[in-house]
Amino acid sequence: WMRQRDASCHCASMRAAVLLYHSNNVSRNDYAGNDHIALMKDLRLLAELHIPVVSLHRLVDAFDGKVELPPICVALSFDDSSSFDWHDLAHPTLGPQRSLANIMFDARTARPDVPLHATSFVIVSPAAREELDRTSLIGQGWWGEDWWQAALDSSLMAIECHSFDYNHKDIT
């Protein structure tokens with residue numbers, strides 16, 4: 001859990017965590033080796049503990065003092081987002097894998113009273129996605145953008161820009 005250090009902030013007593021998942025992390029069918037399984041189990045635990053999931057945007061706004069949030073909350077982030085954030089995966093060795101979005105849809109169906117939201121950080125460069133698909137996946141076109149608008153329209157996910165190389169030049 002993170003604790004806000006600035007006592008002058010409206011959210012000084014808020015505790016929040018950002019849980020980060022990679023939809024490409026599917027090396028085994030267990031919690032540690034599969035972020036799809038981890039998300040499913042984490043959502044169940046958060047619901048059982050009545051810990052609300054808030055959007056990453058609201059969490060940032062709370063740290064900026066613009067909104068108030070519950071004293072304990074969680075935001076969900078999907079990093080290096082591939083098509084598996086939205087589309088189910090027919091994994092060649094581990095079998096069918098539910099997409100991160102469909103896991104969230106399932107959780108929302110099971111507990112409609114529990115709000116859910118995630119922010120997916122996508123790599124916007126088609127050339128970078130093509131290179132990543134070829135070098136990091138198995139060249140099946142699994143780093144596409146065909147799902148971005150549907151994700152936005154679902155109100156379940158926000159789409160944000162992720163750099164390709166983690167280098168962010170200072171803008172002056």
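# Questions on burial, core and pocket

Analyst: In this predicted model, 62% of the protein's contacts with a separation of 6 or more are between residues 24 or more positions apart.

User: Which secondary-structure elements does the protein have, and in what order do they run from the N terminus?

Analyst: There are 5 helices and 8 strands. Their order from the N terminus is β-β-α-β-α-β-β-β-α-β-α-α-β. Of the 172 residues, 45% are buried.

User: Why does Ser-82 count as buried?

Analyst: The cut-off for burial is a relative accessible area under 20%. Ser-82 has 0% relative accessibility and therefore counts as buried. Ser-82 belongs to the loop between β4 and β5 (89–91). Apart from neighbours within four places in sequence, Ser-82 is in contact with Ser-23, Asn-24, Trp-142, Trp-143 and Trp-147.

User: Why is Phe-105 described as partly exposed?

Analyst: Partly exposed residues fall between the limits for buried, under 20%, and exposed, over 50%. The relative accessible area of Phe-105 is 24%, so Phe-105 is partly exposed. Phe-105 lies in helix α3, and beyond four places in sequence Phe-105 touches Trp-86, Ser-154 and Leu-156. Phe-105 and Leu-156 are 51 residues apart in sequence, with a C-alpha to C-alpha distance of 8.2 Å.

User: Which residues of α3 are buried, and which elements do they pack against?

Analyst: Leu-100, Ala-101, Asn-102, Ile-103 and Met-104 are the buried residues of α3. The buried residues of this helix pack against β2 (15–21), α1, β4 (72–81), β7 (118–123) and β8 (157–162).

User: What makes a set of residues a nonpolar core, and which residues have the most contacts inside the largest one?

Analyst: The residues must be buried, of nonpolar type, and joined through side-chain atoms within 4.5 Å. The largest such core has 24 residues, and those with the most contacts inside it are Leu-39, Leu-76, Phe-78, Met-104, Trp-147 and Met-157. Two or more residues of this core come from each of α1, β4, α3, β7, α5 (148–154) and β8. Nonpolar side chains tend to be buried together in soluble globular proteins.

User: Which residues does Leu-76 touch, not counting residues up to four places away in sequence?

Analyst: Leu-76 touches Leu-19, Tyr-21, Leu-39, Leu-43, Val-53, Val-54, Met-104, His-117, Ala-118 and Thr-119.

User: Why does His-117 count as buried?

Analyst: Its relative accessibility of 16% lies under the cut-off of 20%, so His-117 counts as buried. His-117 is located in the loop between α3 and β7. With residues up to four places away left out, His-117 touches Val-53, Val-54, Ser-55, Leu-76, Met-104, Ser-155, Leu-156, Met-157 and Ala-158.

User: How do you know whether Leu-69 is buried or exposed?

Analyst: Leu-69 has 15% relative accessibility and, with the limit for burial at under 20%, therefore counts as buried. Leu-69 is placed in the loop between α2 (56–63) and β4. The C-alpha atoms of Leu-69 and Ala-16 are 9.4 Å apart, whereas the two residues are 53 apart in sequence.

User: What is the phi of Asp-80, and what is that of Ser-155?

Analyst: Most residues other than glycine have a negative phi. Asp-80 has a positive phi near 55°, and Ser-155 has a positive phi of about 60°; neither is a glycine. Asp-80 is in strand β4 and has a relative accessible area of 17%, so Asp-80 is buried. Ser-155 is in the loop between α5 and β8.

User: How much space lies in the largest pocket, and which residues are closest to its centre?

Analyst: The largest pocket holds about 260 Å³ of space. It is lined by 15 residues, and those closest to its centre are Leu-43, Arg-44, Asp-106, Ala-107 and Ala-110. Two or more lining residues come from each of α1 (35–48) and α3 (100–110). Helix α1 gives the largest share of the lining, 5 residues.

Technical notes. Residues numbered from 1 in each chain as written. Predicted model: local features only at pLDDT ≥ 70, side-chain atom pairs only at ≥ 80, totals over all residues. Heavy atoms only, no water. 1 Å grid on protein atoms, 1.4 Å probe; cavity = no way out; pocket = protein on both sides within 12 Å on 5 of 7 lines; lining within 4 Å. Points joined across faces, edges and corners; volume = space filled by probe spheres on them. Helix = DSSP H or I, 4+ residues; strand = E, 2+ residues; numbered from the N terminus. Buried < 20%, exposed > 50% of the residue type's maximum accessible area, 1.4 Å probe, protein only. Contact = heavy atoms within 4.5 Å.
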